[in-house]
Amino acid sequence: MTHKPLVLSGMQPTNTLHLGNYLGALKNWVRLQEQMPCLFCVVDMHALTQESGYAKPADLARATREVTAAYIAAGVDPARTPIFNQSRVPEHGELAWIFNCVARLGWMDRMTQFKEKAGKDKERASVGLYTYPVLMAADILVYKATHVPVGEDQKQHLELARDIAAKFNNDFAVPDFFPQPEPVITGTATRVMSLRDGAKKMSKTDASDNSRINLTDDADAIAGKIKRAKTDPLPLPASKDELKDRPEAENLLNIYAALADQDRDGVIAQFAGQQFSGFKTALADLTVAKLAPITAEMRRLLADPAEIDRILRSGADRARAIAVPIMDEVKKTVGFVT
Ligand code: TYM
């Protein structure tokens, strides 16, 4: 059986979104919206697994509205595509419990993001952080979504979702009940790196604000961060091969190519042999030109939180209309008396 194409993706409302979230995921969502039905979720339940979301109710609510505003400002059309917060659709949590019973400890122990986030003191990490990828599988499969546009860092979580789907279908003898959701990882900036360290991913939780460009940064902040971005002493490379072992140069070129919608070889040719100072000015101008309209629209939307709440409520109603019948089938399949 082939499943109807359906896109689902989500972002955590922890701190503000950054350029990595935009180029790695959000920009692709807007494109996919033209090709397939989509659902976009603000994963507030996942945000409870993060220090910046846990026991900070006002911050979590504010970040949920801000992420919603970012989706819309970047071009997701809430009239066409449901946008909703995860906690409003209780079926996510219901399916996550069932999937907790499907997933194996051995699978979970391989999750690299848990190891990174838990750090050295694993004993003190929350159980929620550990089962985070199981909830993510439920987010996707509760709609039988087939395509999941994400950055490269989510690839392993998608593999887990596929394993959970296959095991459920097999163990309950319901072949093809859940689809095998495919990651959609496209563009030249699927892994945007920190501006301070080319070996580290740009992240919402990095202690240094200079490591990332936030979608809420103004033109001066953007220009300042790009100017201070770490580089090496060589001029810009003349070919792809010369990028080897130059992660900072590679990162800035990838960002430029993604923002300009150009392929990277073209960008390399354009700046070959030049000094970083001139390239950084061009990159700052481009970044400001692309982000300023999004930032301005976010500000406009956030001035009317009641409208954002209305969008989230309506999105959740439409999402539930898909999830409830699927959950009914799941409950019957596992033997719950309904
Ligand atoms: P989150 O909130 O960490 O990130 C949101 C999206 O942004 C992408 N991303 C990046 N892409 C390129 N470079 C970077 N430096 C970078 N940092 C983040 C992420 O890959 C992601 O696509 N687990 C997910 C949230 C989630 C989800 C889901 C996603 C929960 N349920 C269901 C898809 C489907 C996450 O941590 O996102």
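Predicted model: local features only at pLDDT ≥ 70, side-chain atom pairs only at ≥ 80, totals over all residues.

Residues are numbered from 1 along each chain as its sequence is written, and side-chain values use heavy atoms, with hydrogens and water left out.

The protein chain contains 13 helices and five strands (DSSP runs of H or I with at least four residues, and of E with at least two, numbered from the N terminus). Its radius of gyration over C-alpha atoms is 21 Å, close to the 20 Å that the globule rule (2.2 Å times the number of residues to the power 0.38) gives for 338 residues, so the chain is as compact as a globular protein of that length. Of the 338 residues, 52% are buried, meaning under 20% relative accessible area with a 1.4 Å probe and protein chains only.

Around the ligand stand 28 residues, of which Tyr-132, Asp-139, Asp-153, Val-192 and Lys-204 come nearest; a residue counts as near if one of its heavy atoms lies within 4 Å. An oxygen atom of the ligand is 3.0 Å from an N or O atom in the side chain of Asn-21, and an oxygen atom of the ligand is 2.7 Å from an N or O atom in the side chain of Tyr-132. Asp-139 places a polar side-chain atom 2.6 Å from a nitrogen atom of the ligand. Taken alone, the ligand exposes 700 Å², and the protein buries 97% of that (Shrake-Rupley method, 1.4 Å probe). Strand S1 (7-11), helix H1 (19-32) and helix H7 (127-141) are the elements that give two or more residues to the shell.

Note on methods
Polar contact = N/O pair within 3.5 Å; in protein donor to acceptor, adjacent residues only side chain to side chain. Buried < 20%, exposed > 50% of the residue type's maximum accessible area, 1.4 Å probe, protein only.
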